[in-house]
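Please read them with the coordinates open.

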There are 4 protein chains.
Amino acid sequence: MTKIGVGVIGTGFMGKTHALAWRNVKAVMGCAAAPELAVLCDTPLDRAEAFAGQLGFARATDDWRTLVADPAVQVVSITTPNRLHHEMALAALAAGKHVWCEKPMALTLAQAEEMEAAARKAGVVTLVGYNYLRNPAYAHAQRLLAEGAIGRVAQFRGWVDEDYQADPELPWTWRATLAEAGLGALGDLGCHLVSLATGLMGPVESLIADTQVIHQTRPLPEGGRAAVENEDAASALLRFAGGAQGSMVISRSAWGRKSRLGFEVHGTEGMIVYDQERMNELQLYQNRGPLAEQGFKTILTGPAHPPYGAFCPAPGHQLGFNDLKVIECAALVEALSGGAKAHPDFTDALVFERAIHAMAESARTGQRVTL
Amino acid sequence: MTKIGVGVIGTGFMGKTHALAWRNVKAVMGCAAAPELAVLCDTPLDRAEAFAGQLGFARATDDWRTLVADPAVQVVSITTPNRLHHEMALAALAAGKHVWCEKPMALTLAQAEEMEAAARKAGVVTLVGYNYLRNPAYAHAQRLLAEGAIGRVAQFRGWVDEDYQADPELPWTWRATLAEAGLGALGDLGCHLVSLATGLMGPVESLIADTQVIHQTRPLPEGGRAAVENEDAASALLRFAGGAQGSMVISRSAWGRKSRLGFEVHGTEGMIVYDQERMNELQLYQNRGPLAEQGFKTILTGPAHPPYGAFCPAPGHQLGFNDLKVIECAALVEALSGGAKAHPDFTDALVFERAIHAMAESARTGQRVTL
Amino acid sequence: MTKIGVGVIGTGFMGKTHALAWRNVKAVMGCAAAPELAVLCDTPLDRAEAFAGQLGFARATDDWRTLVADPAVQVVSITTPNRLHHEMALAALAAGKHVWCEKPMALTLAQAEEMEAAARKAGVVTLVGYNYLRNPAYAHAQRLLAEGAIGRVAQFRGWVDEDYQADPELPWTWRATLAEAGLGALGDLGCHLVSLATGLMGPVESLIADTQVIHQTRPLPEGGRAAVENEDAASALLRFAGGAQGSMVISRSAWGRKSRLGFEVHGTEGMIVYDQERMNELQLYQNRGPLAEQGFKTILTGPAHPPYGAFCPAPGHQLGFNDLKVIECAALVEALSGGAKAHPDFTDALVFERAIHAMAESARTGQRVTL
Amino acid sequence: MTKIGVGVIGTGFMGKTHALAWRNVKAVMGCAAAPELAVLCDTPLDRAEAFAGQLGFARATDDWRTLVADPAVQVVSITTPNRLHHEMALAALAAGKHVWCEKPMALTLAQAEEMEAAARKAGVVTLVGYNYLRNPAYAHAQRLLAEGAIGRVAQFRGWVDEDYQADPELPWTWRATLAEAGLGALGDLGCHLVSLATGLMGPVESLIADTQVIHQTRPLPEGGRAAVENEDAASALLRFAGGAQGSMVISRSAWGRKSRLGFEVHGTEGMIVYDQERMNELQLYQNRGPLAEQGFKTILTGPAHPPYGAFCPAPGHQLGFNDLKVIECAALVEALSGGAKAHPDFTDALVFERAIHAMAESARTGQRVTL
């Protein structure tokens, strides 16, 4: 496929990010194929039209089914609230469209499984938006592990914290409900951490977890307060299939943390540390050289950490969040052009999402859950 | 008691630290009472004598029972390997001596309980060496919580990592045995973290934990390898009696970490972060003032954080590890002088040690343990 | 002007950055006007054509005079090596085109003055590429100063270091010559620092400086070594017209520094610290509140720091280097659309460049230079 | 000399630090000789007596001439305000006493020169209190340079900032006068930085400097305001005899800085960075190994950095400010016992003090001063 007609559903945080990525992927990364911004969907229509004009889409609609059916659209970006992913993805797959869907795939594991089965049946290209996997610093951490730079991997420590639900007096919204939002911090944040962990450590074998509703109620606009149904925070102890152990801590109510997604990997010869709030840095300790000169190195990413160089030939000049989505989009374009499979497709991503649902289950039952 | 005759058993890491603390506590802190360095015990005798000469003890012995029985000794510092604490402490208590014992109290919980009962019966002053509790930065964190500086406390995240057992080829020693060392990382490191957590969050109500032997065997000097019996690493999910939740990660095999003992306390109005590797700093985030100016503050300790000023009138000039032991000793001298009870005495410390044994038990059984 | 025809000369580091900025400025920032990528120029022609195809320019040329003359081009981006800026800018101005020129404007101050005079005469819009001025963190620092957040400003400390000329065995190139490169570190890096200082402190009144050639010769490809004619490093003491003092240190041979451009501003009530290597952070200390809680705040930029929000609605998610150029381009589009003057235009930038030439002069003469 | 009778004049910040160092030097460092705390002097007498009792001095006096004359005193610690150093040191030297004097040696260079000549004539041991030279992290930096770890040394960047004079409304004191305090920030802080620079780079050959009175007046207790006569801040450009260049920035009015004394050394193969506010860390970058793994290493000091191990056998456990003075005292005891000369003695220190007076002179004249 050298012509890629793009439809994007949604114009919020992720909608704009997808649209910019589609718009720039060839310019930045030099892909052979050139995406064409065909249709943009949002409601109300004038919002969709304004955004289409700004982003350069050929046309706008307020009906996502029209977008999915449009013959100019070969691939659909689904960036709507999580509760809509399932229906939209199934419809797009049924129409034979390729799908780039934001995470988490769906509110329930059953929905995600249905989507994965549909994707396999459709035989199209899918990709789920685990953008942090695209950071050149993360990719370099993976290379270091593969090269044995820190020996045998023994432990993983992961954290992901933001503070968008930290304020006790934020009004109650649908985000607090199981029916419309499903999981809380686990769905918003935890699955990102699982994606990073899996890419470094391989699959999780079993886990024990606990969850916490920090703010039991939130104020209603009309007065009074309503219950928060899903978790503000979660934590888990993990065993990986490869023999390592790990832990994860997750919160959407962690004051001061804005995008704190990171990990330590403990190896028998060293350690790697990463934090998304300083996304252009990677920390590396190796038990090498004189003891008096050992220490954690702060590595600033640069052209030595592909594909940083596609953005900037000068090291340490810094990539940003939206750049990660461009790299993600390039993997999708590669797959759409007949190249390597995009990772994580619906099958890969289902593994991540099983883990967060397992955490929720373990927290409910108090028992270890085997994946 | 204005005259305090001191006997110190052991001249290793902790032995020297105790001796220096006894030597300096009045000079630095201005205590009314003046400790007298009466007897130092170690084996062989010439080591004890050399050390007594260097540190200024009146006499040396290689027989700790002689020290305990010496009428010039009112308080005994026990700084020997953990397996010896139990017998020495019981003997000292039986002789009516006050006891300053290093942590952990003993190899087994049963031993620790026996020590605690003996201490209560003896009615003497006891103190267990949880020196990190003495950091003015930590004390300030406690004050901030008490003042509500970060609102209601919701989560605790703790870590304690060193790398003294990270090298796979370190020779096997008695430290790897349950019989002579008891717990591994939990006993060496984990109990410190529990002491910090308890002082901030109150008592742990229940926990689930996992442990890990990262290096299953170690080389023997005579060739071949022997099994490591106790844990290199541990992790736990906690529920505090006050309603908060928490997690702990603990490792003695964490490359690059030298004294990484720290925590995050998540509150409903802010967060506090601390790390012993930068022990003169405290991080504080508060949801106050304009959003555009919110951020974590790095507070350098100084005279505004007592008793820093006893060491130095200039802020940010830095205290060191040995200074913490002087502060600890001052609390003991205060208690010996009829002032406030020293914290943590054997009764307080038993609570910390219950928690690490509960972690070991939970790891064995796979079940939540209620404390 | 609602239609902006763009010509870009050069396809290197800055060429790609300009092209991406033109391509994205409306999509990201929602400008009313829509730039059209008309002509791209580089040599050889096939390079220009390939790049034009990738970036989406309507056509390519290997003759920059053709580009300048093209009626579809209203604004010319000059991103070629510094020695070419002067001729190209004069030609573009003579043709009545608006000009976006990379810094430094020219090799000599005389050339820059000629360009500035030509720009004033032409009455067109000009902009010089001082992209670090666009960082929302920097803009916030300016706002804080304007609001008096740190009181009266007393001192400026600035540094700018990279290591692209740190290796003694890097081959000799034209960059080492006065004739083809002009100034060394002052031209590449120092002028950026001057731009930041001026925006915070107002104009420099006088300065004393020193320069240093760290690597006196460099190896020639054909064997032997040739002299390095321009400075690897420079330092200066400054007096600002407003009464404050300052210092600057500048090096292109500072191992490990990749994009370390930063400053401290010392005020009578606080301090602000910034470093481009952590470009999404700003440090702020204010003498406010209890002494025990004072410290430097690490502020992560977010939507509270415009125009961060145009890129991402979530704070702390990080902008990147290329995003700065989009913000810069938006200021240019605004000016081209009849809005506020773009800053720094040729007249503003000439002030910055006078300062670096004054540093070179002071280093030569050993005397204070008044600006 | 195996018996060292000690007299300490002064009981303020430095007085206590000296007393503690004398008290602990043998206990910590294992020196052969044992200092005896003979006489303590301060006024009024009851303050001296209280302090002597606390610190363990045999007797107290309020007359420093009595202390100097006391036959039990072989070495005199001078820790009084700077204006008193000259007279006291001359008297002690005249009495044939060894002298440990706090920095700066005197208010004027002429006084310091007189003291140095007297010391040479007396043939006794002298030491000036440049305690930051004693940090194991600093000593390691010196070793790294000597081993060529960063190649040829090309640049020095130094800074020393505190905020004890940052508040505009601090009352006027004698510290603001030339007659009683002499230099301002240069004398309090700048000479420390010079000592560090000299130990790394060798002697300064010439310099240009500027100084600044940030707060021109300060309030008088009785109402009204009085002029500040000495500098709040200074900055300098340096040329070292070895060919390297350097810069220094110095302020006593730098809000938020508590003990920020540090440097960068730029070499042709790497860089070393140090800051006293994190005095247990040293940063090292070396152009070695794969580019993708290069970065600044944060080295935590430990027993591999002598004499850290005398304080603590565990790395990363942190030394404090007072520990530096113990190390300094050990060098003095070594010299008093017939071992290596203590550095910096009055002759060495005079070199440092020449540099700060040269800075003041250059600031006055506007000319480069050759040392």
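This is a predicted model: local features need pLDDT of at least 70, side-chain atom pairs count only at pLDDT 80 or more; totals for chains, interfaces and linings use all residues.

1. The six-stranded sheet of chain D. This sheet is open, its strands pair in parallel, and their order is S3-S2-S1-S4-S5-S6. Which strands stand at the edges? They are S3 (59-61) and S6 (126-128) of chain D; each has a single partner strand, so one side of each lacks a neighbour in the sheet. From one strand to the next the twist averages 20°.

2. S3(D) is joined to strand S2 (residues 34-41) of chain D by three bridges, and the two run parallel. Within this pairing D:Val39 has D:Arg59 of S3(D) as its bridge partner. Elsewhere on the sheet, helix H11 (residues 346-365) of chain D lies across S5 (98-101) and S6 of chain D, and runs at about 30° to S6(D).

3. Strand S12 of chain D. How many residues of S12(D) are buried? Seven of the seven residues in this strand (residues 245-251) are, so to the solvent the strand is mostly covered, taking buried to mean under 20% relative accessible area. In a regular strand, side chains alternate between the two faces of the sheet. In S12(D), D:Gln245, D:Ser247, D:Val249 and D:Ser251 point one way, while D:Gly246, D:Met248 and D:Ile250 point the other way, and all are buried.

4. Partners of S12(D). Strand S7 (residues 153-161) of chain D pairs with S12(D) in the parallel sense over seven bridges, and D:Asp161 stands opposite D:Ser251. Strand S11 (residues 233-240) of chain D runs antiparallel to S12(D), and seven bridges join these two. D:Ala236 has D:Met248 of S12(D) as its bridge partner. Four residues lie between the strands in the hairpin of S11(D) and S12(D), where D:Gly243 takes a positive phi near 110°.

5. Helices H4 and H5 of chain A. Two packed helices are described by the angle between their axes and the distance between the axes. For H4 (residues 85-94) and H5 (residues 109-122) of chain A, the axes come within 10 Å and cross at roughly 10°. Angles under 35 degrees count as roughly parallel, and H4(A) and H5(A) are therefore roughly parallel to each other. H4(A) contributes A:His85, A:His86, A:Ala89, A:Leu90 and A:Leu93 to the contact, and H5(A) contributes A:Gln111, A:Glu114, A:Met115, A:Ala118, A:Ala119 and A:Ala122. These contact residues divide into seven nonpolar, three polar and one charged.

6. Helices H6 and H8 of chain D. H6 (residues 136-146) and H8 (residues 185-201) of chain D pack with their axes 9 Å apart, at an angle of about 25°. H6(D) and H8(D) are therefore roughly parallel to each other. On the H6(D) side D:Tyr138, D:Ala141, D:Gln142 and D:Leu145 take part, and they meet D:Ser195, D:Leu196, D:Gly199 and D:Leu200 in H8(D). The residues of this contact divide into five nonpolar, three polar and no charged.

7. Helix H4 of chain B. Seven of the ten residues of H4(B) (residues 85-94) are buried, so the helix is largely enclosed by the rest of the structure. The buried residues are B:His85, B:His86, B:Met88, B:Ala89, B:Ala91, B:Ala92 and B:Leu93. After H4(B) comes B:Gly96, with a positive phi near 75°.

8. Backbone points to check. Most residues other than glycine have a negative phi, and most peptide bonds are trans. The peptide bond from A:Thr43 to A:Pro44 is cis, with omega near -5°; A:Pro44 is in the loop between strand S2 (34-41) and helix H2 (45-55) of chain A. The bond from C:Thr43 to C:Pro44 is also cis, with omega near -5°. A:Gln318 has a positive phi near 85° and lies in the loop between helix H9 (308-311) and helix H10 (321-336) of chain A. A:Gln318 is buried, with a relative accessible area of 5%. D:Gln318 likewise has a positive phi, near 85°, and counts as buried at 6% relative accessibility.

Notes:
Residues are numbered from 1 along each chain as its sequence is written. Chains are lettered from A and ligands numbered from 1 in the order in which they are written. Side-chain values use heavy atoms; hydrogens and water are left out. Buried means under 20% relative accessible area, exposed over 50%, partly exposed in between (1.4 Å probe, protein chains only). Two strands pair if DSSP finds at least two bridges between them. Axes are lines fitted to C-alpha atoms, for helices over the stretch in contact, and angles run from 0 to 180 degrees between N-to-C directions. Angles under 35 degrees count as roughly parallel, over 145 as roughly antiparallel, 65 to 115 as roughly perpendicular and the rest as oblique. Contact means heavy atoms within 4.5 Å. Ala, Val, Leu, Ile, Met, Phe, Trp, Tyr, Cys and Pro count as nonpolar, Asp, Glu, Lys and Arg as charged, and the others, Gly among them, as polar.
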